[in-house]
Amino acid sequence: MWRSYTRTQKLWTYAAATAVTTGTAVYIYHDKRHHRPPLLLPPRDKIVYAEAATQPSPTATTLLPTDKPLWKAPSREQLIQQSKQKEFDLLVVGGGATGTGTAVDAATRGLSVAMLERDDFASGTSSRSTKLVHGGVRYLQKAITELDYEQYKLVVEALHERKIFLDIAPHLAGQLPIMLPVYKWWQIPYYWVGCKMYDLFAGREALESSYFLTRSKALEAFPMLRKDELVGALVYYDGHHNDARMNVALALTAVYHGATVLNHCEVISLIKDDNGVNCGAKVRDTFTGEEWQVKAKGVINATGPFTDGVRKMDDEKTPDIVAPSAGVHVILPNYYSPRNMGLLDPATSDGRVIFFLPWEGSTIAGTTDSPTEVTPNPMPKEDEIKWILDEVSRYLSEDVKVRRGDVLAAWSGIRPLVRDPHAKNTESLVRNHVIHVSDDKLLTIAGGKWTTYRAMAKETVDKAIEVFDLKPTAPKCQTEQVMLLGSEGYNTTMFIRLIQEFGMDTEVAVHLANSYGDRAWVIGLISDPTGMTWPTYGKRITPNYPYIEAEVRYACREEYACTAVDVLARRTRLAFLNAEAAYQALPRVVEIMAEELKWDKARQKKELDNAARFLVTMGLHESHASY
């Protein structure tokens with residue numbers, strides 16, 4: 001039979017056999033490399049439920065495991081006292097993704113750790129991402145076209161971390177199909193091979209397989225897509241998440257495992273011992289002005305865009321390593337995209353990449369990439385908003401008019417690109433992240449992205465154990481198996497029980513389940529009656545979004561929300577979804593927080609004004625800059 005083959009057929013057979021063998025080898029390699037033990041859940045005697053408050057629904061009380069002790073988060077005042085009373089193994093400065101991830105890693109290894117954040121958890125870059133948990137399609141393209149092994153390693157690491165991310169926080173993260181529209185026939189095999197390589201490199205940890213769509217099927221899946229010259233589309237899968245809620249869950253998980261975590265506590269200087277080695281920090285409560293010292297065997301700088309400010313506390317002459325880059329995103333109404341399909345434009349008019357994704361019932365579009373200055377609440381520039389809208393309009397049907405008035409919110413995030421302090425060429429930026437230890441033993445972790453926060457935290461704690469000669473009870477990293485707070489009792493149908501037990505409407509129940517996981521029961525228990533026949537519980541703070549008043553109370557009691565902005569921007573995501581709706585909800589949010597936190601009239605007025613100014617940076621018209 002073989003003799004009847006032509007020379008061309010033989011060559012094709014050899015090629016196919018080589019491809020299959022290589023693919024199988026790569027799959028097996030990554031399957032072994034990425035195999036992990038089963039996920040570990042918190043013990044049943046530490047189920048994380050807050051104490052129920054007043055007048056719960058009679059039927060809902062049966063949902064709580066009353067035969068087990070209920071964990072209640074320590075108050076902020078208790079955590080402040082803890083920070084004053086002992087010397088910690090580690091002091092982490094910065095409460096973004098990397099800082100809270102480092103606190104979780106250290107605490108789960110048995111180290112005593114304190115973490116301080118000047119503003120609020122995720123108040124900077126970590127709440128202003130594109131909301132993707134991705135392996136890096138662009139890195140893969142460079143790895144293949146440039147035969148760049150370093151880019152390949154970045155892709156492999158990110159794909160590994162993506163799977164862990166989705167496993168340990170299933171209520172906050174999931175998979176999302178993303179479409180690559182194709183307008184030239186020759187691009188189909190190019191994109192197809194790229195997507196299949198993306199699947200292959202993930203090995204056993206791959207999500208759903210990528211696939212090709214014909215023109216008609218592509219338009220069926222994404223009806224608002226431009227039809228002219230469309231020849232088909234490739235669809236691949238990546239992860240997506242609720243970034244600020246993820247950051248809060250990390251902070252609470254660290255507290256659950258024994259860490260002392262404080263927001264709105266500013267590091268004003270570093271403390272050094274007699275040998276000039278950093279051994280803690282002087283701290284100020286940004287509300288009361290009280291100052292005290294937090295002592296530790298080692299200090300970790302995880303402040304993202306503000307990295308150089310902390311490094312200069314250690315050494316005024318140290319060169320800057322952060323090259324801040326602004327990324328602007330806009331929020332559009334949900335009719336701009338399908339509910340469960342994103343879109344990637346791999347070749348915009350100026351060569352940048354833009355994503356167009358469903359998020360929290362709306363559509364997010366971005367991002368830009370331009371040099372900027374480091375500020376706490378950067379303003380999105382109008383020309384960058386216009387550029388995003390122009391790029392979006394190139395891919396949408398002529399029937400969909402992309403209007404500036406449809407922008408519900410817009411924000412700018414600062415990406416902390418970094419230079420390696422040890423590199424000979426100080427102008428070159430590293431592709432991932434940098435860990436640096438100064439002469440006075442300030443350990444700095446900078447760069448990276450949300451997807452790899454856990455791997456960065458692992459490397460940071462490994463280095464800290466070495467540099468500061470620490471003795472953890474668990475010498476190896478535990479965070480591949482540590483479920484984040486809210487994950488233990490979560491499942492994709494728990495929203496049905498919330499509806500049945502509390503009489504909530506479906507949209508609210510789905511939101512609570514996906515934002516809080518099994519802690520949604522607690523919010524149901526402290527929810528006030530609506531006074532209506534239906535829904536009976538779950539009074540909203542704004543008509544068109546599923547955020548309810550009980551969330552505000554829960555944020556104050558259990559999630560260390562201290563300001564109206566904490567609630568509107570990070571505990572709920574209303575400020576990011578619709579700046580005007582957040583402005584309308586602001587008085588009621590302040591009223592509820594005043595009841596919970598005992599604010600006087602002066603503090604309430606201050607909160608109204610501060611939140612209004614913040615909302616201007618989220619796209620609110622400047623005429624509303626004060627109340």
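1. A helix axis here is a line fitted to C-alpha atoms over the stretch in contact, and angles between axes run from 0 to 180 degrees between N-to-C directions. The model is predicted. With that in hand, take helix α5 (residues 149-168) and helix α11 (residues 453-468). They pack at an angle of about 100°, and their axes are 8 Å apart. Angles of 65 to 115 degrees count as roughly perpendicular, so α5 and α11 are roughly perpendicular to each other.

2. Which residues of α5 and α11 meet? From α5 come Glu 157, Glu 161, Ile 164, Phe 165 and Ile 168. From α11 come Tyr 453, Arg 454, Ala 455 and Glu 459. By class, this contact has five nonpolar, no polar and four charged residues.

3. Ala 244, Arg 245 and Val 248 of α8 meet Ala 569, Arg 570 and Arg 571 of α16. The contact of α8 with α16 has three nonpolar, no polar and three charged residues.

4. Arg 245 also turns up beside Ser 515. Ser 515 belongs to helix α13 (residues 506-516). Its relative accessibility is 5%, so Ser 515 counts as buried. Beyond residues up to four places away in sequence, Ser 515 touches His 171, Leu 172, Asn 242 and Arg 245.

5. Now the aromatic rings. The count comes to 14 aromatic pairs. One of them joins Tyr 335 and Tyr 336: the ring centres are 5.2 Å apart and the planes are at 25°, so this pair is stacked. Are these two tyrosines buried or exposed? Tyr 335 is partly exposed, at 46% relative accessibility. Tyr 336 is buried, at 0%. Elsewhere, Tyr 149, Tyr 152 and Phe 201 form one aromatic cluster.

6. Charges sit over rings in places. Lys 84 lies over the face of Trp 292, at 5.2 Å from the ring centre. The charged end of Arg 118 sits over the ring of Phe 306, 4.6 Å from its centre.

7. The loop between α14 (520-525) and α15 (549-558) holds Lys 539. Lys 539 is partly exposed, with a relative accessible area of 33%. Its C-alpha atom is separated by 7.1 Å from that of Pro 529, ten residues apart along the chain. Leaving aside neighbours within four places in sequence, Lys 539 is in contact with Ser 527, Asp 528, Pro 529, Thr 530, Tyr 547, Ile 548 and Glu 549.

8. Next, the backbone. Most peptide bonds are trans, and most residues other than glycine have a negative phi.

9. Where are cis peptide bonds found? One joins Gly 366 and Thr 367, with omega about 20°. Thr 367 is in the loop between β14 (362-366) and β15 (370-371). Another runs from Trp 534 to Pro 535, with omega near -5°. Pro 535 is in the loop between α14 and α15.

10. Positive phi values come next. Ala 122 has phi near 65°. Ala 122 lies in the loop between β2 (113-116) and β3 (132-133), and at 1% relative accessibility it counts as buried. Lys 441 also has a positive phi, of about 65°. Lys 441 is in the loop between β17 (433-437) and β18 (442-447). At 34% relative accessibility, Lys 441 is partly exposed.

Conventions: Residues are numbered from 1 along each chain as its sequence is written. This is a predicted model: local features need pLDDT of at least 70, side-chain atom pairs count only at pLDDT 80 or more; totals for chains, interfaces and linings use all residues. Side-chain values use heavy atoms; hydrogens and water are left out. Helices (H or I, at least four residues) and strands (E, at least two) are DSSP runs, numbered from the N terminus. Buried means under 20% relative accessible area, exposed over 50%, partly exposed in between (1.4 Å probe, protein chains only). Contact means heavy atoms within 4.5 Å. Rings of Phe, Tyr and Trp (its six-membered ring) pair if their centres lie within 6.5 Å; planes under 30 degrees apart count as stacked, over 60 as edge-to-face and the rest as tilted. A charge sits over a ring if NZ of Lys or CZ of Arg is within 6 Å of the ring centre and within 35 degrees of the ring normal. Ala, Val, Leu, Ile, Met, Phe, Trp, Tyr, Cys and Pro count as nonpolar, Asp, Glu, Lys and Arg as charged, and the others, Gly among them, as polar. Angles under 35 degrees count as roughly parallel, over 145 as roughly antiparallel, 65 to 115 as roughly perpendicular and the rest as oblique.
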